[in-house]
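Here's a walk through some of the packing details in this model, with the cut-offs spelled out along the way. Have the structure open as you read.

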Amino acid sequence: MKQTIGIVEDDPNIRDIVKAYLEKEGYHVTEMESAEAAWELFQQAPPDLWVLDIMLPGMDGYEFCKQVRKDSQVPIIIISAKDEEVDRILGLELGGDDYLTKPFSPRELVARVKRQLTRWEVMNTNTASAAKETLEVGELSLYMAERRAVWRGAEVEVTAKEFDMLKLLAQHPNRAFSREELLVQIWGEDYFGSDRAVDDLVKRLRKKLADFPLETVWGYGYRLRKDGIES
């Protein structure tokens, strides 16, 4: 069965190019020029992945991403003419799985679509076996099937990448991970971005989890200090 990609983009030229490249790879593509139309599709027959523009008439891409994340973790790749760091961070914080700045290579977008769909399939395959799994390290509790994080008795709203980072660190307390290792483990071996994505993710986790002992290993990467999370 063909996987369906939803393109939410108000520029018909970009829609046509992206659609052509994705269909060439065997995907079924649904095009929409507004977030309102995409929201109707989400409620009726959601696609397997969204390619989402930020600058849209009416509801913008940020708000659409936020609404989708209330009910679904389906992959979202954001495409945007906004290339400022604050825009990229905001898109990822609201639940985007990847962020691609216009103008972009259609081939690169296709590669990112493939990577996100592979990760989504693996996560769904592992859901059943992880249904009863809870990872607890000191005052941090991670509920795998629900992908919920609880810190010091309070649930913390985290994105998919933030949860993956917490899971990896909690599984290996006191181990130092290089930025390159974290990129491979969390974003995948074929990630095209820089290791600044790791630093951005760490900043967001530190902001959300007060006094969480996620330490910087200068000139190398990060580690979760075990004695800092024990009750």
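A residue is called buried when its relative accessible area is under 20%, exposed when that area is over 50%, and partly exposed in between, using a 1.4 Å probe on protein chains only. By that rule Phe64 is buried, since its relative accessible area is 0%. Before going further: this is a predicted model, so local features need pLDDT of at least 70 and side-chain atom pairs count only at pLDDT 80 or more, while totals for chains, interfaces and linings use all residues. Residues are numbered from 1 along each chain as its sequence is written, and side-chain values use heavy atoms, with hydrogens and water left out.

| Ring pair | Centre distance | Plane angle | Type |
|---|---|---|---|
| Trp39 and Phe42 | 5.1 Å | 25° | stacked |
| Trp39 and Phe64 | 6.5 Å | 90° | edge-to-face |

Helices (H or I, at least four residues) and strands (E, at least two) are DSSP runs here, numbered from the N terminus. What separates Trp39 from Phe42? About one helical turn, because they sit three residues apart in helix H2 (residues 35–44). Trp39 is partly exposed at 21% relative accessibility, whereas Phe42 is buried at 10%.

H3 is mostly covered, with six of its eight residues buried. Those six are Gly61, Tyr62, Phe64, Cys65, Gln67 and Val68. Contact here means heavy atoms within 4.5 Å. The buried residues of H3 pack against H2, strand S3 (49–53), strand S4 (76–80), helix H4 (85–93) and strand S5 (98–101). At the start of the helix, a side-chain oxygen of Asp60 comes to within 3.2 Å of the backbone nitrogen of Tyr62.

Over in H4, the buried residues are Asp87, Ile89, Gly91 and Leu92, and their cover includes H3, S4, S5 and H8. After H4 comes Gly95, with a positive phi near 120°.

Is Gly91 buried or exposed? At 0% relative accessibility, Gly91 counts as buried. If you skip residues up to four places away in sequence, Gly91 touches Tyr62, Ile78 and Gly96.

Arg204 belongs to helix H8 (residues 196–208). This arginine is buried too, at 5% relative accessibility. Which residue does the side chain of Arg204 meet in a polar contact? That partner is the side chain of Glu162, at 3.0 Å. (A polar contact is a pair of N or O atoms within 3.5 Å; within protein, one must be able to donate a hydrogen and the other to accept it, and residues adjacent in sequence count only if both atoms are side-chain atoms.) Apart from neighbours within four places in sequence, Arg204 is in contact with Ile89, Leu92, Glu93, Thr159 and Glu162.

Lys161 is in helix H6 and counts as buried at 6% relative accessibility. Its contacts, leaving aside neighbours within four places in sequence, are Asp97, Gln116, Ile186, Trp187 and Leu201.

For a charge over a ring, look at Arg148: it lies over the face of Tyr143, 4.6 Å from the ring centre. The criterion is NZ of Lys or CZ of Arg within 6 Å of the ring centre and within 35 degrees of the ring normal.

Note on methods:
Rings of Phe, Tyr and Trp (its six-membered ring) pair if their centres lie within 6.5 Å; planes under 30 degrees apart count as stacked, over 60 as edge-to-face and the rest as tilted.
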